[in-house]
Amino acid sequence: MAARIFIDGEAGTTGLGIRDRLARVAGIELVAIDPARRKDPAAKREILAAVDLVILCLPDEAARETVALVEELGARGPRILDASTAHRVAPGWVYGLPELGPEQPAAIAAARRVANPGCYPTGAVLLLRPLVDAGLLPADFPVTIHAISGYSGGGRSMIEAYERGSAPPFELYGLGLEHKHLPEIQHHARLARRPIFVPSVGNFRQGMLVAVPLHLDELPTRPKPAELEAVLAERYRTTPLVRLVPAPREGRLDAAALAGRDDLEIFVFANEGRRQAVLVARLDNLGKGASGAAVQNLRLMLDRGGKEDAV
């Protein structure tokens, strides 16, 4: 029997991306709400009682409201996959990053409540968590994260501004140092000290680079670049959508190279003579950073396999 899925907020960028990807997944029946009743809680409650799983592509407060409706249904309520920021560090929710550790796919598959990761945290956590777990990066180390995203991650107003040519070609933002992804990064990377996070947006639609610079002699074990590579290579040796890639010799990376794909690449750029390194994650902010990750989690939750083939 086909699994009945309701995408709450299907008209947004993430929801549309999920719908497109689900067209390639067998055994799925998408259920939609009557547009005329879209804001009617009773109509939404009826759909929630009739589906197996709901995917939330909503602002945080709206996501919490839908979760409350599901909770009112008790045992009749569907499982939830939340693509908002609302529940990524909340008790009782499983973090939907299958590559977080060997136990994570099974935890996602068994969960009633899964929080889809943010785009920036996906890159940052996958760079940092293995090094913290291996003891190469102390949990209280002062970490700095630089990142750039395509403008499609900024919502409708930003997309419209870039596409009509009224937005700047490049800008830093979040310089109040209170970006909403910081708690998620700190928690799931197992950092005891809040990192400095400097995001930016460029004049390209899709793509993302997340970079962590390191002074190797400031780390207690004073690791060689090869040790960093070995830890990252081993952690992602069996993960089909995340892999360590040799750093290009020219020392350049195209942020949009994975646009339209659902995989993620990790690089270690290093200068052993200077004892410096820069770790970089490259992904599509709408792929592995949003819709692609949601479908990867959905397949686990529905036992459809744990990955979406990269395209």
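Please look closely at the buried side of helix α8 (residues 225-235): which residues are buried there, and what do they pack against?

Analyst: The answer begins with the helix and then turns to other parts of the chain. This is a predicted model, in which local features need pLDDT of at least 70 and side-chain atom pairs count only at pLDDT 80 or more, while totals for chains, interfaces and linings use all residues. Residues are numbered from 1 along each chain as its sequence is written, and side-chain values use heavy atoms, with hydrogens and water left out.

Helices (H or I, at least four residues) and strands (E, at least two) are DSSP runs, numbered from the N terminus. In α8, which spans residues 225-235, the buried residues are Pro 225, Leu 228 and Leu 232, where buried means under 20% relative accessible area, exposed over 50% and partly exposed in between (1.4 Å probe, protein chains only). Because they cover an arc of only 65° around the axis, they lie on the same side of α8; the arc is that of the directions from the helix axis to the C-beta atoms. The buried residues of α8 pack against α5 (119-133) and against the strands β10 (208-215), β11 (242-244), β12 (264-271) and β13 (276-283), with contact meaning heavy atoms within 4.5 Å. In the loop between β10 and α8 is Arg 222, which has a positive phi of about 45° although it is not a glycine.

At the start of α2, the backbone nitrogen of Ala 42 has a side-chain oxygen of Asp 40 within 2.9 Å.

His 179 counts as buried because its relative accessibility is 12%, and, leaving aside neighbours within four places in sequence, His 179 is in contact with Tyr 120, Tyr 173, Phe 197 and Pro 199. The His 179 side chain also reaches the backbone nitrogen of His 181 at 3.0 Å. Phe 170, by comparison, is found in strand β8 (residues 170-172) and counts as partly exposed at 46% relative accessibility.

Key: Polar contact = N/O pair within 3.5 Å; in protein donor to acceptor, adjacent residues only side chain to side chain.
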